[in-house]
Amino acid sequence: MQQRPQLRAKIRLRRNRISKKTQERAAETLSAKILCHPSFAKASNIGFYAAFDGEISCTQAILAAHAQGKQCFLPKVRNKLLTFHAYAPEQILQANRFGI
C-alpha cells in the first residue's frame with residue numbers, strides 16, 4: 001500500500017496533466033450540479049473550498065451563491081484544526097505555509 005505522501009504526489013501529477021479546457025469544463029459541470037441541487041436552493045450557509053494545484057474550481061458556484069445572498073465559507077487549517085470562515089468573492093485570500 002502506498003504511503004500518503006506518495007499517493008498525494010501521484011494524484012497531484014494526474015490532476016496537473018489535465019488540460020485547462022478540461023478543467024474549465026469540469027468546473028462548469030460541478031457548478032451546474034451544485035446550483036441545481038435542492039440542498040443548494042434551501043441553504044443559506046454553504047461551505048466550499050478554494051481550488052489549488054489542479055483541483056476543480058468552485059468559483060462559479062461561489063459567485064452564484066454570493067449573488068443569491070447566501071453566506072459562503074472556506075476551510076482553514078490552523079494547528080491541525082479545520083475550521084470554516086466566512087468568505088466573499090471580493091476578499092483576497094492569503095496562502096498558508098503549504099502555499100494553499
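## Salt bridges

Asp 53 forms a salt bridge with Arg 15, and their closest N and O atoms are 3.9 Å apart. This pair connects distant parts of the chain, with Asp 53 in the loop between β1 and α4 and Arg 15 in helix α1, 38 residues apart. Through shared partners, salt bridges join Arg 12, Arg 15 and Asp 53 into one network. Keep in mind that this is a predicted model.

How many salt bridges does the structure hold? There are two. Besides the pair above, the side chains of Arg 12 and Asp 53 meet in a salt bridge, at 2.4 Å from N to O. Here too distant parts of the chain are linked: Arg 12 belongs to helix α1 (residues 4-16), Asp 53 to the loop between β1 (45-47) and α4 (59-67), and they are 41 residues apart.

| Residue | Relative accessibility | Class |
|---|---|---|
| Arg 12 | 35% | partly exposed |
| Arg 15 | 21% | partly exposed |
| Asp 53 | 23% | partly exposed |

## Two glutamines

Gln 23 sits in helix α2 (residues 20-36) and counts as buried because its relative accessibility is 17%. Its side chain reaches the backbone oxygen of Arg 15 at 3.4 Å. Apart from neighbours within four places in sequence, Gln 23 is in contact with Arg 15, Ile 18 and Gly 54.

Gln 91 lies in the segment after β3 (81-87). With 39% relative accessibility, Gln 91 counts as partly exposed. A polar atom of the Gln 91 side chain lies 2.6 Å from the backbone nitrogen of Ala 88.

## Cysteines

How many disulfides does the structure hold? The number is zero. For Cys 58, the nearest cysteine sulfur is that of Cys 72, 10 Å away. A disulfide needs sulfur atoms within 2.5 Å, so the sulfur of Cys 72, at 10 Å from the one in Cys 58, is too far for a bond. Cys 58 counts as buried at 4% relative accessibility, and Cys 72 counts as buried at 1%.

## A patch on the surface

Val 77 is part of strand β2 (residues 71-78), and Val 77 counts as exposed, with 54% relative accessibility.

Conventions:
Residues are numbered from 1 along each chain as its sequence is written. This is a predicted model: local features need pLDDT of at least 70, side-chain atom pairs count only at pLDDT 80 or more; totals for chains, interfaces and linings use all residues. Side-chain values use heavy atoms; hydrogens and water are left out. Helices (H or I, at least four residues) and strands (E, at least two) are DSSP runs, numbered from the N terminus. Buried means under 20% relative accessible area, exposed over 50%, partly exposed in between (1.4 Å probe, protein chains only). A polar contact is a pair of N or O atoms within 3.5 Å; within protein, one must be able to donate a hydrogen and the other to accept it, and residues adjacent in sequence count only if both atoms are side-chain atoms. Contact means heavy atoms within 4.5 Å. A salt bridge is a side-chain nitrogen of Lys or Arg within 4 Å of a carboxyl oxygen of Asp or Glu.
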